[in-house]
Amino acid sequence: IPSPIPLKSLADKDRLLGRWKLAFSTDAAAMDDLPSEASITLNIKEGNQLDYKLEFSKKVLGLKEISAKSNYFVDASPVNPGLLTYVYQEISAGVFGLKVPTGLFGMLKGREAYVESVWFDGQYWIARGFSANGEEYFSVYLREEDKDDAIEKPGY
């Protein structure tokens with residue numbers, strides 16, 4: 001089924017803004033290798049800024065999250081429309097209530113990562129990728145509602 005929103009329009013200024021949670025993936029490495037209380041989110045902000053977060057609902061040895069502040073851009077060309085490319089910049093971890101730089105994940109700084117969009121409707125975002133052994137997989141991201149949007153406003 002074709003994407004209801006053209007993928008090249010994902011490059012429009014405000015189209016992807018918000019918090020996107022990885023809800024499902026056919027790639028075992030994307031979710032099965034993580035502790036069950038872990039979640040992956042992409043928080044896409046204005047100014048081509050993106051926070052990639054691996055969050056833990058239960059602290060794992062005091063670890064609450066691993067976060068990578070990144071720059072991103074979206075391809076609007078006909079070659080690969082909707083391809084989101086982000087580059088890890090500043091990587092830190094939330095440990096025992098403190099935000100600390102992580103030397104272990106520092107090797108990721110400057111590395112590119114991708115979300116190859118195949119379908120988008122503003123609420124669901126489906127991407128595909130390829131595992132290290134060349135197998136195609138799909139991931140589904142769900143837009144998380146902003147807490148301010150959840151409050152019913154008078155007159156609406």
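Me: How many salt bridges does the structure hold?
Reply: This is a predicted model. A pair counts when a Lys or Arg side-chain nitrogen lies within 4 Å of an Asp or Glu carboxyl oxygen. The structure's total is 7.

Me: Which residue forms a salt bridge with R19, the closest N and O atoms being 2.7 Å apart?
Reply: R19 sits in strand β1 and its partner in strand β3, so the pair ties together parts 36 residues apart in sequence. R19 is partly exposed at 28% relative accessible area. The partner is E55.

Me: Which residues are linked in a network of salt bridges with R19?
Reply: R19 bridges to E55 at 2.7 Å. A further residue joins the network.

Me: Is D51 buried or exposed?
Reply: D51, in strand β3, pairs with K69 in strand β4. Their closest N and O atoms are 3.9 Å apart. K69 is partly exposed, at 36%. Buried means under 20% relative accessible area, and D51 has 6%, so D51 is buried.

Me: How many residues apart are R128 and E116?
Reply: Their side chains meet in a salt bridge, 3.0 Å from N to O. R128 belongs to strand β8 (residues 124–130) and E116 to strand β7 (residues 112–120). The pair links distant parts of the chain, and the separation is 12 residues.

Note on methods:
Residues numbered from 1 in each chain as written. Predicted model: local features only at pLDDT ≥ 70, side-chain atom pairs only at ≥ 80, totals over all residues. Heavy atoms only, no water. Helix = DSSP H or I, 4+ residues; strand = E, 2+ residues; numbered from the N terminus. Buried < 20%, exposed > 50% of the residue type's maximum accessible area, 1.4 Å probe, protein only.
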